[in-house]
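Reader: I am new to this structure and would like to learn how to read it. Could you take me through some of its features, one at a time?

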Amino acid sequence: MIDTSLPAATAIYSCRSAVQVEHHRLPHPAFKEFSFRLRTFERELGEEVENEYWKPFLRSLKRYRFEVTAAPLGFGNPIVMPADLLGWLHAQLEQCTMLYPKFAASSRKLLQSLDQLVEGNDNPLLDHISRLSGSARRQKLTVLLKESRLITTFEDTLSSRHLINLIEVVGEGQLRGSECFDEIVCIGPSRWFASYIFSAPRAPRIQVLHFDWIKDQWRDSAVFIGSAKSQKDSGSDWQRIADEARYDTEEIVKKAAEEPSDQLEVEELLPILDLDQISNRLAQSSSVSNSEQDEAEARLFQLEDGSGVFLDADEGSSWLVIDLGKEEEARVKRINVSSIEPGMFVLLREVGGGDYIVPVADTILGQQASNARGLQRHWKSKLRDAVQSSSSYTVSMQLKSHGSVRANEGNVRNWMSARNIRTDDERDFTAIMRFVGLGEETAKYWKNAALIDRAHRQAGGHIRKLLLRQVLKADLRDLERLGRMRFELSESGGGQMIALRVVACSPTINRMPLAHIGRLFELEGDVWRG
Amino acid sequence: MSLSDIYFGVDGEWEILPEWASYFLFLGFFIASQPKTETRSIIGVALPTRAYAAALAATGVVYNRTVMTKSRVEADDHFQALCELPSGTSITYLHGKRNLGGVLLGSTDKFGEKRLVVKTSSAKSDNETHYVRASDALKVQPTTSETQVGKPVRGSTKRQTGKLVAPVSEFARALLGAESIADFTLTSRLECCTIGRLSALRQEAGETVFATPLPSATWTPANNDFQRGTLQDVMRVRKFMGEGKAYRTDAIAAQSENVVTLARDAAPHVTIFDGSAGFTKWRDYWRSSHWLVLLDSTETGFDEATRSLNTEYITNRIGDVSTANVPAPPAGVELVFYRERLR
């Protein structure tokens, strides 16, 4: 089976050569009023924006504004504005009158706008799509959503309107493949989407659907400095931009200059996430006394469903990922955490989090597991106690005097960590055993550590093999579309694992408690700060 | 047979290669024809899909290096042989579309290069003198010399030895010319190396059937007057053939850990980077060959790879090159072409 056949590739080139991108700017005075009131209110708050009273209030409203812009859902859809959230917002307003009287009037107006929207429960994006899907078509209408997590909600809406058989909802990842469509409707401004949606289009016609108060234009820019296209681009090369009808270059430039001031910048609507800041904050808040006992260098990753995860970034540490861009056999593999990139899928234990190797290794160890783990914990706790009562430096010096060849502060911390199984050099292990008073049982402990090490290696290989088998059988369209997929590894003792697409990675590395590594947590609180 | 006469099978019928696909054949042909003495050529292309681009370009490279190089070598040898013939030898000279009779008078250096002096006669003009360049020597053929026909060795008791030859498809034979085939199947020469996704390349090179029409046949798309084969028959990718077979191309997976070792042992005429990963990671090891950098816009690493190529362009480009002869890309495909000093 060929990934992309010659006729399929021909269809892609045809789409590229013929593509027309049209912007449809839809009016909705009530939503515009709400959006601008929200902006005005945020500005009025000034420094109070950081106040814990206002943060969740603003966060909820901004999230709502984004979601009804990013998906054609009714303004009153309970997924984007649940009744309890609306009630909470009103409760906040009540308190505000007493606590922050100077913001009472504007926050009341803001919520009045919201109430009006929720009550109306319409959405012009949805109406427009309904009309498009009704016209005679050979294929289903393809609707592209920026946020994969909203796909299911939108599909529910389509089902309730009996449109599900006329409309196919896709995520960005699906538009990398060989399938071409008649027409793609992008929900939201073009700048929200990856440039390949327009530069390597999978349809000859793309409609960009957004509200008329959002500033947006798509520019087919050159990618190579020395290309003929870049020579043309050096002037004002606004290309293929249309607004119901197509403009010529001069008209577009003129239009850009005359851009009305009552438009919001695309970036203003987007969730803002400073992964660095979050990573630093969480590292500080989780730093506890004696933290050196079970900490590791960790990098923060933002994942598809709005969650985050810290992964072990110590030198030599690796994590299991799915990379759909790789050859079939190499799609599931452990790679260095520093090599994990947006677009890859990280595999995590859904329940309990943490290291997915341990439970599988325990299954492999069988009846020996409990005793083997107990012996491991025993010598590590003795070493940890010694560090606690003095320091890692002192312990490293003492280990050297017992014959250790690699003892230093870092290695001592590493050796006493639960994620480290044994020292690389047996002389270091012997020194530790002597130092903690287990010298006579060195052989037994060394053999035990080797047993665990072997089980961990087998477990890693086994999990990879099982996952690969499931990935090869799975409908990868769903993985691409939704950005997440569950895998059942119960038979091996691994339980349920979830693959989540990486959206962004923090450039900085922080020391985090081991217990936090590989565990999903909500980034929601941080996303809507901007 | 030329590169523009290639068909592919679809739903039981033959269709001429679409424009975009022919483009990559000609792009491969073009970069292979570039001189590589003190400088080398770099072509970067931004594509809407990577499908078939590397396989077709590699086919173009091998075609150029097999057919064109052979013609050049043959013409040079033939020129030398003609120079040594006695003055007055009867010859034929292909002038335009007409094959004229005449005599070879010898050679001259009066044009700053050695040329043959040929006198022809025809119904329209008597005793016309032509000064034929070395590159056109094959147009001059002696008529007095008899072709030596080798007799088959019969009844030889000597034990036959030799190496196993991978059979050549009719497609490859038609495309490259029967006279090239013996050398093609017996001699390994690394003309081209691709770095990218092996499984995709293997499928594209080996599973899609291509064909050229029989020269004399009056054909319809549905008939069988086609010489069939695959791109692999022309590319002869070492990795996709058995041990010991004569190859012309090698293919390396972008995620391979052996790229550095392989690069040390290989010196292809052209390196084709099939996707961003191979280019971003390994380009520094392939600086002695021409580069064809094929970047799929939908790849995650596309932006990083284009940034890298732009940096290469700014840092290493020497002078301006004419793009007049570069095959014009299909609509929507962006191309950059420059030269840099060989290191």
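**Pockets, sheets and rings**

Author: Gladly! Let us begin with a pocket: the second largest pocket holds about 1,700 Å³ of space. Keep in mind that this is a predicted model.

Reader: How is empty space found in the first place?

Author: Rolling a probe the size of a water molecule over the atoms shows where empty space is left. Here, the second largest pocket has a lining of 50 residues. Nearest its centre are Asp355(A), Ala418(A), Arg419(A), Asn420(A) and Ile421(A).

Reader: Which elements give two or more residues to that lining?

Author: In chain A they are strand 10 (318-322), helix 13 (357-365), helix 14 (368-389), helix 16 (409-416), helix 18 (442-473) and strand 14 (495-513). Helix 14 of chain A provides the largest share of the lining, six residues.

Reader: How many residues of the lining are nonpolar, polar and charged?

Author: The lining of the second largest pocket has 23 charged residues, 16 polar and eleven nonpolar.

Reader: Let us turn to sheets. What should I know about strands in general?

Author: In a regular strand the side chains alternate between the two faces of the sheet. For a case in chain B, look at the open sheet of five strands, ordered 7-6-5-4-8, with antiparallel pairing. Strand 7 (128-132) and strand 8 (140-142) of chain B each have a single partner strand, so one side of each has no neighbour in the sheet. On average, neighbouring strands of this sheet are turned by 40 degrees against each other, direction ignored.

Reader: How many bridges join strand 4 of chain B to strand 5 of chain B?

Author: Seven bridges join strand 4 (residues 89-95) to strand 5 (residues 98-108) of chain B, and the two run antiparallel. As an example, Thr92(B) has Gly101(B) in strand 5 of chain B as its bridge partner. Strand 5 of chain B is also joined to strand 6 of chain B by seven bridges, and Gly102(B) stands opposite Thr120(B) in strand 6. Moving on, strand 6 (residues 115-121) of chain B meets strand 7 of chain B through five bridges, again running antiparallel. There, Val118(B) has His130(B) in strand 7 as its bridge partner.

Reader: What about another sheet in chain B?

Author: Four strands of chain B form an open sheet in the order 2-1-10-11, with antiparallel pairing. Strand 2 (13-16) and strand 11 of chain B stand at its edges with a single partner strand each, so one side of each is left without a neighbour in the sheet. The twist from one strand to the next averages 40 degrees. Strand 1 and strand 2 of chain B are joined by four bridges, and Phe8(B) has Glu15(B) in strand 2 as its bridge partner.

Reader: Finally, how do I read aromatic pairs?

Author: A pair of aromatic rings is described by the distance of the centres and the angle of the planes. Over all chains, a search of the whole structure finds 35 aromatic pairs. One of them is edge-to-face: Tyr7(B) and Phe226(B), 5.2 Å centre to centre with 70 degrees between the planes. This pair links distant parts of the chain, 219 residues apart: Tyr7(B) is in strand 1 (residues 7-10) and Phe226(B) in strand 11 (residues 226-229) of chain B.

Conventions
Residues numbered from 1 in each chain as written. Chains lettered and ligands numbered in written order. Predicted model: local features only at pLDDT ≥ 70, side-chain atom pairs only at ≥ 80, totals over all residues. Heavy atoms only, no water. 1 Å grid on protein atoms, 1.4 Å probe; cavity = no way out; pocket = protein on both sides within 12 Å on 5 of 7 lines; lining within 4 Å. Points joined across faces, edges and corners; volume = space filled by probe spheres on them. Nonpolar A, V, L, I, M, F, W, Y, C, P; charged D, E, K, R; others polar. Pairing = 2+ DSSP bridges. Axes fitted to C-alpha atoms, helices over the stretch in contact; angles between N-to-C directions. Phe/Tyr/Trp six-rings, centres within 6.5 Å; stacked < 30°, edge-to-face > 60°.
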